[in-house]
Amino acid sequence: MQKLISGCALLLSISVQANSIKEAPLVSIASHDSFFNNLAALCGKAFAGNVSVDTPSSDGFNDRLIMHVRKCTGNQLQIPFHVGDDHSRTWIITKTGSGLSLKHDHRQKNGEYDQSTMYGGHTVDAGWANVQSFPADQYSKELFARLGNPQSNSNIWQMYIYPQTFSYRMIREGREFRVDFDLTKPVTLPPVPWGYQD
């Protein structure tokens, strides 16, 4: 009987210890937190935008442009970027413990992943509370090479957030694309992006 009691006490002790183990913290720095929080403050709202720079000129962004800060958690923001009736794009900003990651989730109309999806980059410096840069990561470089777009290996995506304007920008040698969104005039929420649900 004594052995049984001792055994139960040991199991109880192990169980208590297991329940008291803490997960490793997700570390971050002030400039990344401030940038993330500035965007998260827009959660649940949508805004219209216009292409302000497109050099050289490209097709596909002539319809109404809307960004929607749709879903926010403590370490991830999901921001669909709607182009007219094309609801295929979602920007995903994630705290990684080593900075911030930006990914482009591209879906087909049936919700399946596009062959060109989840490309993006990761911060390599502190940035600022209002501006962060995301140079192309290794996954993206290998994806671009596989899809025959090696010129995109030098892509740097940038996001700017100020009280009246949010900007999404992509630059590389010989190419610049930028969309500016008016944060002073929220618009009607767009449809759920392809591949997502409420």
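Keep in mind along the way that the model is predicted.

Let us start with helix α2, which covers residues 30-40. Its buried residues are S31, H32, F35, F36 and L39. Seen down the axis of α2, these residues fall within an arc of 130 degrees, so they line one face of the helix. Behind this lies a simple rule: an α-helix has 3.6 residues a turn, so residues three or four places apart point the same way. The buried residues of α2 pack against a series of strands, namely β4, β5, β6, β8 (131-135), β9 and β10.

H32 has a relative accessible area of 5%, so it is buried. Leaving aside residues up to four places away in sequence, H32 touches G99, L100, T123, D125, A126 and Q132.

Helix α3, made of residues 138-146, can be read in a similar way. Here the buried residues are S140, L143 and F144. They cover an arc of only 100 degrees around the axis, which puts them on the same side of α3. Among the elements that cover these buried residues are β6 (100-106), β7 and β9. Just after α3 comes G148, where phi is positive, at about 80 degrees.

Now to the aromatic rings. A pair of aromatic rings is described by the distance of the centres and the angle of the planes. Searching the whole structure gives 11 aromatic pairs. One of them joins F81 and F181, with 6.0 Å from centre to centre and 85 degrees between the planes, an edge-to-face arrangement. F81 belongs to strand β4 (residues 76-83) and F181 to strand β11 (residues 175-187), so this pair ties together parts that are 100 residues apart in sequence. Are these two rings buried or exposed? F81 is buried, at a relative accessible area of 2%, and F181 is buried too, at 1%.

A second pair is formed by Y119 and W157, whose ring centres are 5.8 Å apart and whose planes meet at 35 degrees, so the pair is tilted. Y119 sits in strand β7 (residues 119-122) and W157 in strand β9 (residues 156-161), so parts 38 residues apart in sequence are tied together here. Y119 counts as buried at 12% relative accessibility, and W157 is buried with a relative accessible area of 2%.

Ring pairs also build up a cluster, which links F61, F81, W91, F166, Y168, F177 and F181. Elsewhere, an arginine takes up a position over a ring: the charged end of R178 sits over Y160, 5.0 Å from the centre of the ring.

The largest pocket holds about 560 Å³ of space. It is lined by 22 residues, and those closest to its centre are F61, Y119, N155, M170 and R172. Which elements give two or more residues to this lining? They are β5 (86-95), β6, β10 (165-172) and β11. The largest share, 3 residues, comes from β10.

Finally, a few places in the loops deserve a visit. Most residues other than glycine have a negative phi, and most peptide bonds are trans. Against that background, T55 and P56 are joined by a cis peptide bond, with omega at about -10 degrees. P56 is in the loop between β1 (46-55) and β2 (65-68). M118, a residue other than glycine, has a positive phi near 65 degrees. M118 lies in the loop between β6 and β7, and at 27% relative accessibility it counts as partly exposed.

The last stop is T73, in the loop between β3 (71-72) and β4. T73 is partly exposed, with 39% relative accessibility. Along the sequence T73 and T94 are 21 residues apart, while in space they are 9.4 Å apart, C-alpha to C-alpha.

Definitions and conventions. Residues numbered from 1 in each chain as written. Predicted model: local features only at pLDDT ≥ 70, side-chain atom pairs only at ≥ 80, totals over all residues. Heavy atoms only, no water. Phe/Tyr/Trp six-rings, centres within 6.5 Å; stacked < 30°, edge-to-face > 60°. Helix = DSSP H or I, 4+ residues; strand = E, 2+ residues; numbered from the N terminus. Buried < 20%, exposed > 50% of the residue type's maximum accessible area, 1.4 Å probe, protein only. Lys NZ or Arg CZ within 6 Å of the ring centre and 35° of its normal. Arc of directions from axis to C-beta. Contact = heavy atoms within 4.5 Å. 1 Å grid on protein atoms, 1.4 Å probe; cavity = no way out; pocket = protein on both sides within 12 Å on 5 of 7 lines; lining within 4 Å. Points joined across faces, edges and corners; volume = space filled by probe spheres on them.
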